[in-house]
Amino acid sequence: MLLKRPRSRNPWHRWIKPWQQIDWLLLCLTIGVSMFGGLMIMSTELTQPVTDYWSHWLVAAIGAVIALFLARTRYENLIQWHWVTYTLTNLSLIAVMIIGTSAKGAQRWITIGGFNVQPSEFAKIGLIITVAAVLHQRTASTVESVFRALAITAIPWALIFLQPDLATSLVFGAVVLGMLYWANANPGWLILMISPVISAILFSINWPLSQPISLFNVISVGLLGLVWAIAMGILGWQTLPWRKFAFNGIGALALNLLGGELGVFVWNHVLRDYQKDRLTVFLKPGYDILGVGYHQHQSRIAIGAGEIWGWGLFQGPMTQLNFVPEQHTDFIFSAVGEEFGFVGCLVVLFIFCLICFRLLRIAQTAKDNFGSLLAVGVLSMIVFQLIVNVGMTVGLAPVAGIPLPWMSYGRSAMLTNFIGLGLVESVANFRHRPKYY
């Protein structure tokens with residue numbers, strides 16, 4: 001005689017079974033931040049006949065549905081499709097260069113059905129999937145594995161840099177560094193990877209800071225860069241293979257000296273005027289506050305005007321009178337600071353910290369390396385964008401076109417963040433799950 005399995009006493013168990021292991025707190029926090037972001041966008045547009053806040057909420061709702069769909073789909077299936085994903089990512093970036101739409105001096109969008117789609121945003125997810133699959137097969141404990149991951153990153157990074165989209169290319173760097181660290185790469189190697197960039201800054205920092213350039217500044221900056229290059233040479237000798245031949249140390253020293261020379265060349269011949277202006281404003285606070293420094297200067301005033309508790313929702317004078325340009329996109333955090341004050345900013349940052357903590361927790365409890373690396377890749381993307389966006393609104397980072405996740409207006413960025421969230425929720429959902437009867 002066969003015994004029938006007893007039915008669940010709770011009818012909701014059968015309905016929620018496909019999502020029974022997802023992190024509901026993480027999902028609710030991101031949806032809540034998206035809704036609050038729409039509210040702040042509404043505040044910045046209260047005196048203008050636009051409805052970006054409705055579009056923001058609509059795209060967030062679509063993104064949440066996509067995230068829930070991805071959460072019930074096994075993320076492991078992406079491993080066998082990661083080269084297809086990588087190819088489509090690069091083809092979309094090439095398409096931008098051929099048929100893309102230009103705006104504000106950059107060609108970053110493709111118009112589809114009357115909507116502008118930014119492939120570089122979705123390329124972040126494509127890169128995370130590809131690098132996670134590669135490092136899942138072989139960890140970053142060897143130099144060969146690290147160079148393999150960097151080589152994979154180089155193609156989409158170069159295509160984005162040529163658009164030009166320096167901000168998104170920096171996000172790519174942060175994502176790869178975070179994933180390599182999680183994949184057991186030697187921390188010394190990661191420092192060596194970014195050391196030429198630091199050398200470029202140290203050797204060329206004199207150009208925007210000193211006009212006219214003095215001999216003392218040239219010598220002092222040159223000595224500072226030389227000390228850094230020597231330190232990196234020692235680090236390369238200590239951490240890279242073939243230590244007894246000292247080639248690694250000499251190579252690291254030479255690479256940093258070359259990076260310093262390239263920094264001067266890039267500043268004089270590669271960077272566009274608006275990129276130079278943004279760096280100059282960051283290095284020289286108060287520089288041209290009626291011109292190129294206007295955005296950041298007004299943002300700092302708005303945040304400071306909020307003081308402890310803020311003016312209240314829809315009450316911030318600088319927000320309501322549109323004194324802060326691009327406030328509904330890159331400078332949305334300044335509206336939070338003015339209308340909700342220091343306390344409101346702390347609450348928003350605390351919620352983002354909770355989101356990052358939940359992402360990290362999922363990475364730690366994933367059942368395999370691929371899932372763990374997916375979660376860390378999304379975490380690195382969110383953390384870097386959060387730090388840079390908030391930093392630039394208060395003058396602690398250069399102005400860059402990096403949105404505040406889930407809060408800034410931007411359809412492609414919103415969908416990208418929710419797609420990343422859906423992948424992480426899939427990692428959480430397909431851990432060991434209890435049986436419901």
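Close-up 1. Trp54 counts as exposed because its relative accessibility is 52%; here buried means under 20% relative accessible area, exposed over 50%, and partly exposed in between, with a 1.4 Å probe and protein chains only. Before going further, please note that this is a predicted model, in which local features need pLDDT of at least 70 and side-chain atom pairs count only at pLDDT 80 or more, while totals for chains, interfaces and linings use all residues. Residues are numbered from 1 along each chain as its sequence is written, and side-chain values use heavy atoms, with hydrogens and water left out. Trp57, at 19% relative accessibility, counts as buried. Both tryptophans lie in helix 3 (residues 52-71), 3 residues apart, or about one turn of the helix. Helices are DSSP runs (H or I, at least four residues), numbered from the N terminus. Across the whole structure, a search finds 8 aromatic pairs. Trp54 and Trp57 form one that is edge-to-face, with 5.7 Å centre to centre and 90° between the planes. Rings of Phe, Tyr and Trp (its six-membered ring) pair if their centres lie within 6.5 Å; planes under 30 degrees apart count as stacked, over 60 as edge-to-face and the rest as tilted. Ring pairs also bring in Tyr53, giving a cluster of Tyr53, Trp54 and Trp57.

Close-up 2. The C-alpha atoms of Gly422 and Ala67 are separated by 3.7 Å, although the two residues are 355 apart along the chain. Leaving aside neighbours within four places in sequence, Gly422 is in contact (heavy atoms within 4.5 Å) with Ala67, Leu70 and Ala71.

Close-up 3. The structure holds 4 salt bridges, each a side-chain nitrogen of Lys or Arg within 4 Å of a carboxyl oxygen of Asp or Glu. Asp23 forms one of them with Arg358, the closest N and O atoms being 2.7 Å apart. Asp23 sits in the loop between helix 1 (12-16) and helix 2 (24-44), while Arg358 is in helix 15 (residues 332-365), 335 residues apart. Asp23 counts as buried at 6% relative accessibility, whereas Arg358, at 23%, counts as partly exposed.

Close-up 4. The side chains of Lys124 and Glu121 meet in a salt bridge, at 2.9 Å from N to O. Both residues lie in helix 5 (residues 119-137), 3 residues apart, about one turn of the helix. Lys124 is buried, with a relative accessible area of 2%, and Glu121 counts as buried at 5% relative accessibility.

Close-up 5. Arg74, Glu76 and Lys367 are linked in a network of salt bridges. Arg74 counts as partly exposed, at 41% relative accessibility.

Key
Helices (H or I, at least four residues) and strands (E, at least two) are DSSP runs, numbered from the N terminus.
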